[in-house]
Amino acid sequence: MKTSNHSKTEKNHSVDSAKALMSIAQSDVKEVLHLFDTELDGLSETEAKQRLEKYGLNEIDREKPIAWYLQLLKTVTNPLSLLLILLAVISLFTGSAIAALIIFIMVIFGGLLRFSQEFKSNKAAEKLREMVSATATVNRKDTNKDAISKSASKEEKGITAGIEIAVKLLVPGDIVFLSAGDMIPADVRLIEAKDLFLSQSTLTGESLPAEKHVDLPDDKEKNPLELVNLCFMGTTVVSGSGTAVVAETGSRTYLASLAKTISGRKPRTSFDKGVNGVTMLLMRFMLVMAPLVFVINGIFKKNWVEAFTFALSVAVGLAPEMLPVIVTANLAKGAIAMSDKKVIVKNIDAIQDFGSMNILCTDKTGTLTQDKIVLQRHLDPYGQESTDVLKYAYLNSFYQTGLKNLLDIAVLDHNQELESLEIEKNYQKFDEIPFDFLRRRMSVVVEEKGNQHVLICKGAVEEILKVCTQLKVDDKVVQMDESAHTKVSNLQHALNGDGLRVIAVAYKVMPPEQSHYTIADESNLILLGNIAFLDPPKDSAAEAIKALKRNGVDVKIITGDNEIITRKICKDVGLPVHHILLGSDVESLSDDKLAEVAATTTIFAKVSPTQKARVIQVLRKKGNVVGYMGDGINDAAALREADVGISVDTAVDIAKESADIILLEKNLLILESGVTEGRRTFANIIKYIRMGTSSNFGNMFSVLGASALLPFLPMQPVQILINNLLYDFSQTGIPFDDVDREDLANPPKWKIDNIQRFMIFIGPISSIFDYATYSLMWFVFGANSIDNQALFQTGWFVESLMTQTLIVHVIRTSKIPFFQSRAAFPMLAITAAVMGIAIYLPFSPIASSLGFVPLPAVYFVWLALILTSYCVLTQFVKTWFIKKYGYN
């Protein structure tokens with residue numbers, strides 16, 4: 001079977017560990033004790049110390065947090081920034097200090113802006129330490145007398161004997177005691193349990209507590225989390241008690257395997273690949289154009305030093321030094337816009353990935369659902385709403401002793417509906433028959449108004465039916481014949497099919513003189529009906545999914561919960577289910593086959609945390625931009641693997657730290673706002689890249705020809721740098737620009753080949769008009785000698801800057817500029833200002849120091865003709881290009 005690297009990483013720990021856990025779970029208590037060379041009264045202190053030296057402390061291995069200065073350095077060591085730094089260093093050593101300073105400022109500013117947003121990003125593994133409780137109660141053979149005395153006192157009080165030790169000192173073979181409220185301190189195998197229920201939602205995604213007992217599991221069970229006699233570090237005891245032997249500690253626990261999946265470097269996202277692809281494209285052109293300009297100038301001008309300086313200016317001109325700033329400014333603006341909607345953006349790159357996302361995978365519990373068990377229905381045996389069922393269920397839950405589970409709390413939430421009963425006044429508790437695993441039911445006996453006793457029993461439907469001989473329908477008590485039994489069973493299956501957890505309620509009127517009740521009294525009961533529970537979807541979930549679909553984002557559910565409940569939630573939120581894949585299926589498929597099946601699968605159920613991450617991974621390998629939304633420990637690996645990890649307000653700390661984006665409010669409609677903001681950010685980043693690459697490429701194409709044809713430089717190096725700086729300044733309005741509605745409709749993608757084609761087709765158009773300007777200056781204005789080169793260079797400088805700046809409005813939209821689509825005011829104002837500066841510079845006091853001379857008035861008539869022709873031709877070619885290759 002083929003497996004992904006991610007899956008292989010898991011198996012280094014998980015396969016051997018899972019096999020060992022399976023073997024431990026399927027061995028009886030005697031065999032388990034023998035396997036760990038321990039006894040029921042625990043290890044001796046000597047044995048414990050020896051094992052501690054062998055296995056190490058019971059702590060999660062942690063990745064050291066990255067130092068702030070290394071994180072700052074990381075923000076300026078991406079390929080684009082390194083390229084710009086290299087050009088700046090070369091400029092500095094060749095005398096172009098101004099150019100070097102400008103480039104350095106751009107790189108540092110962009111890096112600082114990014115660093116300020118990402119300082120807290122690498123702390124996810126740290127939070128795992130908070131999942132471990134401080135102490136555990138264990139048996140040790142040779143504890144000191146005081147400890148023994150304390151243990152004896154406990155036993156006298158009916159409390160489990162044992163001593164308290166630090167959790168980090170636990171070793172395999174230790175005998176630990178568990179009780180309500182405890183966090184499981186290691187991966188353990190139960191050897192004794194009484195009414196033990198654990199909350200495993202952060203590991204499995206299941207809302208309801210999991211029942212644990214010492215019985216051997218089914219041989220077919222492959223998922224360690226489903227093994228009924230194993231408990232895992234990080235889960236919590238909801239009710240009951242138990243005794244267990246420690247099987248795995250520290251870095252060998254299941255929780256530690258999750259820490260390994262979220263440590264290390266996050267996989268490169270769609271955004272990272274896109275920006276790096278653009279950088280490589282520019283480097284390829286730079287490595288061709290700059291040496292070519294150098295060689296041609298050196299051969300024709302015979303001045304190799306000047307040729308080198310000019311070639312360096314060309315290289316700088318090709319490099320969009322403003323790209324780090326423009327990109328970061330766009331992302332930061334998106335992050336600020338999202339913060340207004342009460343969304344924390346931890347990784348600003350995720351804003352663009354949010355917009356490019358075409359698949360959103362989400363956990364169910366706590367993200368789509370409220371992570372709260374709600375009593376959904378109370379029905380008589382044939383499915384009609386019944387207040388009596390609610391009343392008797394309430395009495396049972398109200399009067400039972402011990403820690404009430406989530407189902408009891410859900411029943412008790414209906415106290416207002418039953419306020420008129422005056423329960424404490426009209427009903428007094430007389431006795432109780434506690435829950436146990438074998439019966440799977442519990443009873444309370446209440447005395448009604450000082451007269452008769454009523455035994456009220458609730459529990460698993462099949463167990464309640466075993467002790468019922470009658471049922472009550474329409475206020476009539478009838479015999480439980482085969483037909484009635486079938487109807488009751490069919491109702492249960494129908495409710496289960498709707499994803500509801502069903503508990504049956506039965507009763508029996510008892511004589512008031514009876515003074516004591518036992519399990520034997522749970523017989524010949526009257527079935528009153530069923531209560532059905534559900535973890536309901538969040539109010540905004542259905543509309544959010546509809547909005548995502550409208551925006552071209554497919555939603556898939558990846559959950560540790562079972563497929564029946566998940567299908568019900570999908571139905572409630574309006575998500576059509578095309579195919580269901582279970583965790584066991586995921587494990588058996590190769591990466592290629594899984595990717596093929598995953599494309600058409602809506603629900604991935606009963607999956608482990610690493611299987612969740614693997615599904616994300618194979619979807620991404622197929623070219624999808626994948627988001628993942630989750631809130632539990634079991635979601636941390638998937639959150640890290642996704643292009644954009646999204647967590648919610650109620651998430652555990654580890655999920656929040658692994659996420660890129662955190663929703664602070666329960667309103668999932670913010671997802672649509674995030675998608676829209678991400679697409680707006682992407683569209684504006686691509687605008688700059690299209691404008692910068694095509695314009696710079698066209699200019700350098702013009703320079704290449706001019707180097708061969710002219711007896712002087714077409715523009716002085718300092719003029720090229722000023723031209724480039726002013727043009728870059730004209731782009732600073734891009735983050736504030738409007739985006740056409742059509743560009744927000746579907747998930748955009750980084751298409752480097754399309755950017756290259758756009759550059760090749762649109763760039764040379766400017767060269768046509770550059771050569772027209774050459775001819776104008778040479779033949780019309782007589783700037784055809786070295787003595788008149790300043791006029792030539794000034795004329796081309798103005799035309800080059802004007803065409804580059806004006807063409808921004810043509811390239812920024814797929815529509816007809818100014819008429820069908822108009823830029824935002826900041827963009828209009830900045831580009832108008834730069835064009836004004838271009839006209840003013842030749843007449844300014846600093847003109848001569850920059851090599852400029854005043855231009856004749858008639859020049860501007862010709863310039864207007866050139867600009868109009870340029871815009872019309874570019875619009876025509878752009879329209880053709882979009883029809884043939886598309887725009888995004």
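Mentor: V188 stands opposite C231 in β6. The model is predicted, so to speak of a local feature takes pLDDT of at least 70 and to count a side-chain atom pair takes pLDDT 80 or more, while totals for chains, interfaces and linings use all residues. Numbering starts from 1 along each chain as its sequence is written, and side-chain values use heavy atoms, with hydrogens and water left out.

The residue pair V188 and C231 belongs to the antiparallel pairing of β4 with strand β6 (residues 230–231), which has two bridges. Pairing here requires that DSSP finds at least two bridges between the strands; strands (E, at least two residues) and helices (H or I, at least four) are DSSP runs numbered from the N terminus. β4 also pairs in the antiparallel sense with strand β5 (residues 210–212), over three bridges, and there L196 has K212 as its bridge partner.

Elsewhere, eight strands form an open sheet with mixed pairing, in the order β8-β23-β22-β21-β9-β18-β20-β19. β8 (343–345) and β19 (580–582) are the edge strands; each has a single partner strand, so one side of each lacks a neighbour in the sheet. Direction ignored, neighbouring strands are turned by 20° against each other on average. The partner of β19 is reached through three bridges, parallel in sense, to strand β20 (residues 603–605), where L582 stands opposite A605. Helix α20 (residues 563–572) packs on this sheet and touches β18 (554–558), β19 and β20, with its direction at about 150° to that of β20. Contact means heavy atoms within 4.5 Å; angles run from 0 to 180 degrees between N-to-C directions, and axes are lines fitted to C-alpha atoms, for helices over the stretch in contact.

Two helix pairs can be set side by side. The axes of α22 (residues 591–598) and α23 (residues 609–621) are 9 Å apart, at an angle of about 85°, which means that α22 is roughly perpendicular to α23. That word covers 65 to 115 degrees; under 35 counts as roughly parallel, over 145 as roughly antiparallel and the rest as oblique. D591, L594, A595 and A598 of α22 meet R614, V618, L619 and K621 of α23. By class, five of these contact residues are nonpolar, none polar and three charged. The classes take Ala, Val, Leu, Ile, Met, Phe, Trp, Tyr, Cys and Pro as nonpolar, Asp, Glu, Lys and Arg as charged, and the others, Gly among them, as polar.

In the other pair, the axes of α12 (residues 323–339) and α13 (residues 349–356) come within 8 Å and cross at roughly 80°, so α12 is roughly perpendicular to α13. L331, G334, A335 and M338 of α12 make the contact with D349, I351 and Q352 of α13; the classes are four nonpolar, two polar and one charged.

A cavity is a set of points on a 1 Å grid over the protein atoms alone where a 1.4 Å probe fits but cannot get out, and lining residues have an atom within 4 Å of a point. Twelve residues line the largest cavity, with N699, M700, I720, N723 and S800 closest to its centre. α26 (670–709), α27 (717–730) and α29 (789–806) each give two or more residues to that lining, and the largest share, four residues, comes from α26. Five lining residues are nonpolar, seven polar and none charged.

Definitions and conventions. 1 Å grid on protein atoms, 1.4 Å probe; cavity = no way out; pocket = protein on both sides within 12 Å on 5 of 7 lines; lining within 4 Å.
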